[in-house]
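Subject: Structure handover and notes

Dear colleague,

Please find the structure below, followed by notes on what was found in it. Please read the notes with the model open.

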Amino acid sequence: MSFNMSELQNEETFYTDRMDCKFIDFFDDGERLELQKDDYLSINIAAGGSVRLRNCLVRASKPCLGDVLFMTKAQILKIRHFGRKCFEELFDLTKALLGGKELPKANPPYFKNPVDKLRYDGSYLTYGEVKTLYSKHSEEVKEHLSDKEHYPEKSLGWYICVVHMSLKYDSAVLQNLSDDSIRSEYISHKKDYPLLYDEICDFLEPFINASLKDREKEVLMLRLGIKCKEQVLQQVGENIGVTRERVRQNEKRGKHILISKLNKLPMSLYDDVLALKEKIYAIGLGGFVLALIKFKRKNLAKFITQAFFDDKDLECYLRVKNYFQNIV
(Lines give C-alpha, C1' and ligand atoms only; values in the text may rest on other atoms or scores of the structure.)
Protein backbone atom coordinates (compact mmCIF):
# COMPACT_ATOMS: atom_id res chain seq x y z
CA MET A 1 0.00 0.00 0.00
CA SER A 2 2.30 2.69 -1.26
CA PHE A 3 1.92 6.01 -3.01
CA ASN A 4 4.06 8.59 -4.72
CA MET A 5 4.14 12.15 -3.40
CA SER A 6 3.27 13.45 -6.87
CA GLU A 7 -0.08 11.69 -6.51
CA LEU A 8 -1.00 13.96 -3.62
CA GLN A 9 -1.18 16.93 -5.96
CA ASN A 10 -3.72 15.28 -8.27
CA GLU A 11 -7.32 16.38 -8.10
CA GLU A 12 -8.89 13.36 -6.40
CA THR A 13 -6.07 11.38 -4.83
CA PHE A 14 -5.27 13.13 -1.57
CA TYR A 15 -5.68 9.77 0.14
CA THR A 16 -9.29 8.63 0.00
CA ASP A 17 -10.42 5.07 0.84
CA ARG A 18 -7.37 3.97 2.88
CA MET A 19 -8.67 4.50 6.39
CA ASP A 20 -8.15 0.85 7.27
CA CYS A 21 -4.48 0.79 6.30
CA LYS A 22 -2.04 -0.31 8.98
CA PHE A 23 0.97 1.41 7.45
CA ILE A 24 1.60 4.39 5.22
CA ASP A 25 4.38 3.67 2.74
CA PHE A 26 5.97 6.90 1.68
CA PHE A 27 8.55 7.02 -1.10
CA ASP A 28 10.78 10.06 -1.50
CA ASP A 29 14.20 9.99 -3.14
CA GLY A 30 14.28 6.23 -2.86
CA GLU A 31 13.76 6.20 0.92
CA ARG A 32 10.84 4.36 2.51
CA LEU A 33 9.22 5.47 5.73
CA GLU A 34 6.57 3.48 7.60
CA LEU A 35 4.35 5.18 10.15
CA GLN A 36 1.86 3.52 12.44
CA LYS A 37 -1.65 4.88 12.06
CA ASP A 38 -1.79 6.19 15.66
CA ASP A 39 1.49 8.04 15.15
CA TYR A 40 0.27 10.40 12.48
CA LEU A 41 -3.45 10.76 13.19
CA SER A 42 -2.85 12.77 16.37
CA ILE A 43 -0.18 15.13 14.99
CA ASN A 44 -1.45 18.73 15.18
CA ILE A 45 -0.47 19.94 11.72
CA ALA A 46 -2.32 23.24 12.18
CA ALA A 47 0.21 24.29 14.85
CA GLY A 48 3.04 24.39 12.34
CA GLY A 49 1.39 26.35 9.55
CA SER A 50 0.73 29.98 8.75
CA VAL A 51 -1.98 32.00 10.47
CA ARG A 52 -4.47 31.46 7.61
CA LEU A 53 -3.82 27.71 7.41
CA ARG A 54 -4.19 27.27 11.18
CA ASN A 55 -7.36 29.35 11.34
CA CYS A 56 -8.94 27.46 8.41
CA LEU A 57 -8.19 24.02 9.89
CA VAL A 58 -9.14 24.95 13.46
CA ARG A 59 -12.45 26.51 12.37
CA ALA A 60 -13.19 23.43 10.28
CA SER A 61 -12.34 21.20 13.30
CA LYS A 62 -9.61 19.48 11.29
CA PRO A 63 -6.35 20.48 13.03
CA CYS A 64 -4.69 17.05 12.93
CA LEU A 65 -2.83 15.34 10.10
CA GLY A 66 -5.23 12.40 10.22
CA ASP A 67 -8.17 14.76 9.62
CA VAL A 68 -6.90 15.92 6.23
CA LEU A 69 -4.72 13.06 5.00
CA PHE A 70 -7.69 11.02 3.80
CA MET A 71 -9.52 13.90 2.09
CA THR A 72 -9.39 14.62 -1.62
CA LYS A 73 -7.97 17.89 -2.89
CA ALA A 74 -11.46 18.99 -3.91
CA GLN A 75 -12.76 18.32 -0.40
CA ILE A 76 -9.91 20.24 1.18
CA LEU A 77 -10.41 23.24 -1.10
CA LYS A 78 -14.06 23.40 0.01
CA ILE A 79 -12.89 24.40 3.51
CA ARG A 80 -13.77 28.05 4.03
CA HIS A 81 -10.97 30.46 2.99
CA PHE A 82 -8.78 27.49 2.04
CA GLY A 83 -7.14 28.23 -1.32
CA ARG A 84 -4.27 27.10 -3.51
CA LYS A 85 -1.57 28.69 -1.32
CA CYS A 86 -2.93 26.96 1.77
CA PHE A 87 -3.05 23.64 -0.07
CA GLU A 88 0.57 23.99 -1.19
CA GLU A 89 1.60 24.83 2.37
CA LEU A 90 -0.36 21.84 3.70
CA PHE A 91 1.31 19.62 1.12
CA ASP A 92 4.79 20.82 2.21
CA LEU A 93 4.00 20.30 5.90
CA THR A 94 2.64 16.80 5.20
CA LYS A 95 5.72 15.92 3.19
CA ALA A 96 8.00 17.20 5.98
CA LEU A 97 6.11 15.24 8.65
CA LEU A 98 6.14 12.00 6.69
CA GLY A 99 9.83 12.62 6.11
CA GLY A 100 10.46 12.57 9.84
CA LYS A 101 10.82 16.32 10.42
CA GLU A 102 9.24 18.22 13.31
CA LEU A 103 6.73 21.01 12.88
CA PRO A 104 7.99 24.53 13.62
CA LYS A 105 6.55 26.34 16.63
CA ALA A 106 4.02 29.01 15.77
CA ASN A 107 1.64 31.47 17.38
CA PRO A 108 -1.61 30.14 18.89
CA PRO A 109 -4.39 29.52 16.34
CA TYR A 110 -7.56 31.55 16.23
CA PHE A 111 -10.16 30.66 18.88
CA LYS A 112 -13.64 32.15 19.06
CA ASN A 113 -13.57 31.65 22.83
CA PRO A 114 -10.54 33.47 24.33
CA VAL A 115 -10.56 31.12 27.34
CA ASP A 116 -9.74 28.18 25.03
CA LYS A 117 -6.76 30.10 23.73
CA LEU A 118 -5.43 30.48 27.27
CA ARG A 119 -5.10 26.71 27.58
CA TYR A 120 -2.99 26.46 24.42
CA ASP A 121 0.79 25.87 24.69
CA GLY A 122 2.59 29.16 25.30
CA SER A 123 6.15 28.06 26.11
CA TYR A 124 7.53 29.48 22.85
CA LEU A 125 5.99 32.96 23.32
CA THR A 126 8.36 35.73 24.36
CA TYR A 127 8.09 37.69 27.59
CA GLY A 128 7.08 40.82 25.66
CA GLU A 129 4.34 38.95 23.78
CA VAL A 130 2.94 37.50 27.00
CA LYS A 131 2.85 40.96 28.58
CA THR A 132 0.88 42.22 25.57
CA LEU A 133 -1.54 39.28 25.76
CA TYR A 134 -1.90 39.86 29.50
CA SER A 135 -3.36 43.30 28.83
CA LYS A 136 -5.70 41.86 26.16
CA HIS A 137 -6.94 38.86 28.16
CA SER A 138 -7.01 40.23 31.68
CA GLU A 139 -10.82 40.07 31.74
CA GLU A 140 -10.89 36.35 30.89
CA VAL A 141 -8.27 35.39 33.48
CA LYS A 142 -8.74 37.95 36.25
CA GLU A 143 -10.59 35.52 38.53
CA HIS A 144 -7.68 33.08 38.25
CA LEU A 145 -4.74 35.49 37.99
CA SER A 146 -3.45 34.56 41.43
CA ASP A 147 -3.90 30.83 40.79
CA LYS A 148 -1.69 29.68 37.94
CA GLU A 149 -2.52 26.06 38.82
CA HIS A 150 -5.95 26.69 37.24
CA TYR A 151 -4.29 26.39 33.82
CA PRO A 152 -2.17 23.53 32.47
CA GLU A 153 1.54 24.07 33.15
CA LYS A 154 3.33 25.95 30.34
CA SER A 155 0.00 26.97 28.80
CA LEU A 156 -0.65 30.55 27.73
CA GLY A 157 -2.90 31.19 30.74
CA TRP A 158 -0.26 29.76 33.08
CA TYR A 159 2.38 32.14 31.76
CA ILE A 160 0.00 35.11 31.88
CA CYS A 161 -0.53 34.35 35.57
CA VAL A 162 3.25 34.23 36.10
CA VAL A 163 3.68 37.61 34.40
CA HIS A 164 0.75 39.06 36.35
CA MET A 165 2.24 38.04 39.68
CA SER A 166 5.64 39.44 38.68
CA LEU A 167 4.22 42.80 37.53
CA LYS A 168 1.98 43.00 40.59
CA TYR A 169 4.94 42.48 42.89
CA ASP A 170 7.02 45.03 40.96
CA SER A 171 4.27 47.62 41.43
CA ALA A 172 3.95 46.84 45.16
CA VAL A 173 7.72 47.13 45.70
CA LEU A 174 7.88 50.52 43.98
CA GLN A 175 4.84 51.84 45.86
CA ASN A 176 6.14 50.72 49.27
CA LEU A 177 9.63 52.14 48.73
CA SER A 178 10.54 54.54 51.54
CA ASP A 179 13.63 55.75 53.40
CA ASP A 180 12.90 53.41 56.29
CA SER A 181 12.46 50.36 54.05
CA ILE A 182 15.67 51.14 52.13
CA ARG A 183 17.68 51.49 55.34
CA SER A 184 16.25 48.38 56.99
CA GLU A 185 16.74 46.24 53.88
CA TYR A 186 20.33 47.36 53.49
CA ILE A 187 21.21 46.68 57.14
CA SER A 188 19.45 43.29 57.22
CA HIS A 189 20.96 41.83 54.04
CA LYS A 190 24.31 43.60 53.76
CA LYS A 191 26.19 40.27 53.56
CA ASP A 192 23.99 38.94 50.73
CA TYR A 193 24.69 41.69 48.21
CA PRO A 194 28.15 40.55 46.96
CA LEU A 195 26.83 37.07 46.14
CA LEU A 196 23.79 38.47 44.34
CA TYR A 197 26.02 40.89 42.42
CA ASP A 198 28.15 37.94 41.24
CA GLU A 199 25.02 36.02 40.16
CA ILE A 200 23.75 38.97 38.12
CA CYS A 201 27.18 39.36 36.47
CA ASP A 202 27.24 35.62 35.66
CA PHE A 203 23.83 35.97 34.02
CA LEU A 204 24.54 39.18 32.08
CA GLU A 205 28.08 38.45 30.87
CA PRO A 206 27.26 35.56 28.45
CA PHE A 207 24.07 37.35 27.42
CA ILE A 208 26.05 40.48 26.50
CA ASN A 209 28.68 38.41 24.67
CA ALA A 210 26.00 36.69 22.57
CA SER A 211 23.91 39.78 21.81
CA LEU A 212 26.31 42.66 21.11
CA LYS A 213 29.15 43.55 18.78
CA ASP A 214 32.69 43.71 20.15
CA ARG A 215 32.80 47.51 20.62
CA GLU A 216 29.35 47.70 22.27
CA LYS A 217 30.19 44.68 24.40
CA GLU A 218 33.44 46.23 25.68
CA VAL A 219 31.79 49.58 26.41
CA LEU A 220 28.84 48.06 28.26
CA MET A 221 30.97 45.75 30.40
CA LEU A 222 33.11 48.71 31.53
CA ARG A 223 30.19 51.09 32.03
CA LEU A 224 28.10 48.60 34.03
CA GLY A 225 31.09 47.39 36.03
CA ILE A 226 30.49 43.71 35.34
CA LYS A 227 33.31 41.84 37.06
CA CYS A 228 35.43 44.99 36.84
CA LYS A 229 35.53 48.53 38.19
CA GLU A 230 32.86 50.79 36.74
CA GLN A 231 34.35 53.53 34.58
CA VAL A 232 33.10 56.95 33.54
CA LEU A 233 32.74 57.94 29.89
CA GLN A 234 36.15 59.65 29.75
CA GLN A 235 37.98 56.61 31.15
CA VAL A 236 36.27 54.19 28.75
CA GLY A 237 37.04 56.48 25.80
CA GLU A 238 40.72 56.66 26.71
CA ASN A 239 40.91 52.87 27.10
CA ILE A 240 39.43 52.04 23.70
CA GLY A 241 40.57 55.14 21.81
CA VAL A 242 37.28 56.93 21.05
CA THR A 243 35.53 60.09 22.20
CA ARG A 244 33.17 60.32 25.17
CA GLU A 245 30.24 60.91 22.80
CA ARG A 246 30.98 57.72 20.88
CA VAL A 247 31.15 55.81 24.18
CA ARG A 248 27.77 57.25 25.20
CA GLN A 249 26.23 56.25 21.84
CA ASN A 250 27.60 52.71 22.07
CA GLU A 251 26.37 52.37 25.64
CA LYS A 252 22.88 53.59 24.75
CA ARG A 253 22.65 51.26 21.77
CA GLY A 254 23.99 48.31 23.75
CA LYS A 255 21.47 48.81 26.57
CA HIS A 256 18.61 49.14 24.09
CA ILE A 257 19.59 45.91 22.31
CA LEU A 258 20.06 44.06 25.60
CA ILE A 259 16.68 45.08 27.03
CA SER A 260 15.02 44.22 23.71
CA LYS A 261 16.68 40.78 23.73
CA LEU A 262 15.50 40.17 27.30
CA ASN A 263 11.93 41.00 26.30
CA LYS A 264 12.23 38.65 23.31
CA LEU A 265 13.36 35.70 25.40
CA PRO A 266 10.90 32.78 25.20
CA MET A 267 9.05 32.27 28.45
CA SER A 268 10.68 28.84 28.74
CA LEU A 269 14.06 30.65 29.01
CA TYR A 270 12.82 33.65 31.02
CA ASP A 271 12.80 31.55 34.19
CA ASP A 272 16.39 32.63 34.93
CA VAL A 273 15.33 36.29 34.98
CA LEU A 274 12.35 35.51 37.20
CA ALA A 275 14.61 33.55 39.56
CA LEU A 276 16.96 36.55 39.85
CA LYS A 277 14.01 38.85 40.49
CA GLU A 278 12.77 36.58 43.29
CA LYS A 279 16.20 36.74 44.96
CA ILE A 280 16.18 40.53 44.72
CA TYR A 281 12.64 40.56 46.16
CA ALA A 282 13.83 38.40 49.07
CA ILE A 283 16.57 40.81 50.15
CA GLY A 284 14.80 44.01 49.06
CA LEU A 285 15.12 45.98 45.83
CA GLY A 286 15.73 49.29 47.58
CA GLY A 287 18.51 47.89 49.75
CA PHE A 288 20.17 46.19 46.80
CA VAL A 289 20.13 49.37 44.68
CA LEU A 290 21.59 51.28 47.64
CA ALA A 291 24.38 48.70 47.95
CA LEU A 292 25.22 49.02 44.25
CA ILE A 293 25.36 52.82 44.52
CA LYS A 294 27.60 52.59 47.60
CA PHE A 295 29.92 50.16 45.83
CA LYS A 296 30.06 52.52 42.81
CA ARG A 297 27.91 50.43 40.49
CA LYS A 298 25.22 53.04 39.85
CA ASN A 299 24.98 52.29 36.11
CA LEU A 300 24.31 48.62 36.89
CA ALA A 301 21.66 49.70 39.42
CA LYS A 302 19.96 51.80 36.72
CA PHE A 303 20.09 48.95 34.21
CA ILE A 304 18.64 46.37 36.63
CA THR A 305 15.64 48.54 37.49
CA GLN A 306 15.04 49.24 33.78
CA ALA A 307 15.55 45.73 32.40
CA PHE A 308 14.24 43.48 35.18
CA PHE A 309 11.56 45.64 36.79
CA ASP A 310 10.25 47.66 33.80
CA ASP A 311 11.08 50.87 35.67
CA LYS A 312 11.47 53.06 32.58
CA ASP A 313 11.27 56.28 34.61
CA LEU A 314 14.00 55.06 37.01
CA GLU A 315 11.64 55.83 39.89
CA CYS A 316 13.31 53.32 42.20
CA TYR A 317 16.88 54.31 41.34
CA LEU A 318 16.24 58.03 41.75
CA ARG A 319 14.48 57.51 45.09
CA VAL A 320 17.37 55.46 46.46
CA LYS A 321 19.94 57.90 45.02
CA ASN A 322 18.25 60.83 46.81
CA TYR A 323 18.28 58.85 50.05
CA PHE A 324 21.98 58.05 49.59
CA GLN A 325 22.85 61.71 48.94
CA ASN A 326 21.00 62.71 52.12
CA ILE A 327 22.93 60.31 54.36
CA VAL A 328 26.38 60.98 52.86
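For the residue classes used below, Ala, Val, Leu, Ile, Met, Phe, Trp, Tyr, Cys and Pro count as nonpolar, Asp, Glu, Lys and Arg as charged, and the others, Gly among them, as polar. This is a predicted model, in which local features need pLDDT of at least 70 and side-chain atom pairs count only at pLDDT 80 or more, while totals for chains, interfaces and linings use all residues. Residues are numbered from 1 along each chain as its sequence is written, and side-chain values use heavy atoms, with hydrogens and water left out.

Overall

The protein has 17 helices and three strands; these are DSSP runs numbered from the N terminus (helices H or I, at least four residues; strands E, at least two). Of its 328 residues, 45% count as buried, where buried means under 20% relative accessible area, exposed over 50% and partly exposed in between (1.4 Å probe, protein chains only). Contact means heavy atoms within 4.5 Å. Among contacts between residues at least 6 apart in sequence, 63% join residues at least 24 apart.

Largest pocket

On a 1 Å grid over the protein atoms alone, a pocket is an open set of points with protein on both sides within 12 Å along at least five of seven lines, and lining residues have an atom within 4 Å of a point. Grid points are joined across faces, edges and corners, and a volume is the space filled by probe spheres set on the points. The largest pocket has a volume of about 440 Å³. It is lined by 20 residues, of which Arg223, Glu251, Lys298, Asn299 and Lys302 are the closest to its centre. Two or more lining residues come from each of α13 (244–263) and α16, and α13 gives the largest share, five residues. By class, the lining has 10 charged, five polar and five nonpolar residues.

Asn299 belongs to helix α16 (residues 298–307). Asn299 counts as buried because its relative accessibility is 5%. Leaving out residues up to four places away in sequence, Asn299 touches Arg223, Leu224, Glu230 and Glu251.

Glu245 is in helix α13 and counts as partly exposed, at 39% relative accessibility. Its C-alpha atom is separated by 8.1 Å from that of Leu233, 12 residues apart along the chain.

Helix α10

Helix α10 (residues 193–211) has 19 residues and reaches 26 Å from first C-alpha to last, close to the 27 Å expected at 1.5 Å a residue; the expected span is 1.5 Å times one less than the number of residues. Its buried residues include Tyr193, Leu196, Phe203 and Ser211. Among the elements that cover the buried residues of α10 are α9 (179–188), α11 (214–224), α13 and α16.

Loops

Arg80 is in the loop between α4 (73–77) and α5 (84–98) and, at 67% relative accessibility, counts as exposed. Arg80 and Arg59 are 21 residues apart in sequence and 8.6 Å apart in space, C-alpha to C-alpha. The side chain of Arg80 makes a polar contact with the side chain of His81 (3.4 Å). A polar contact is a pair of N or O atoms within 3.5 Å; within protein, one must be able to donate a hydrogen and the other to accept it, and residues adjacent in sequence count only if both atoms are side-chain atoms.

Most residues other than glycine have a negative phi. His81, in the loop between α4 and α5, has a positive phi, near 65°. Leu314 has a positive phi near 55° and lies in the loop between α16 and α17 (315–327). With a relative accessible area of 16%, Leu314 is buried.

Regards

Key. 1 Å grid on protein atoms, 1.4 Å probe; cavity = no way out; pocket = protein on both sides within 12 Å on 5 of 7 lines; lining within 4 Å.
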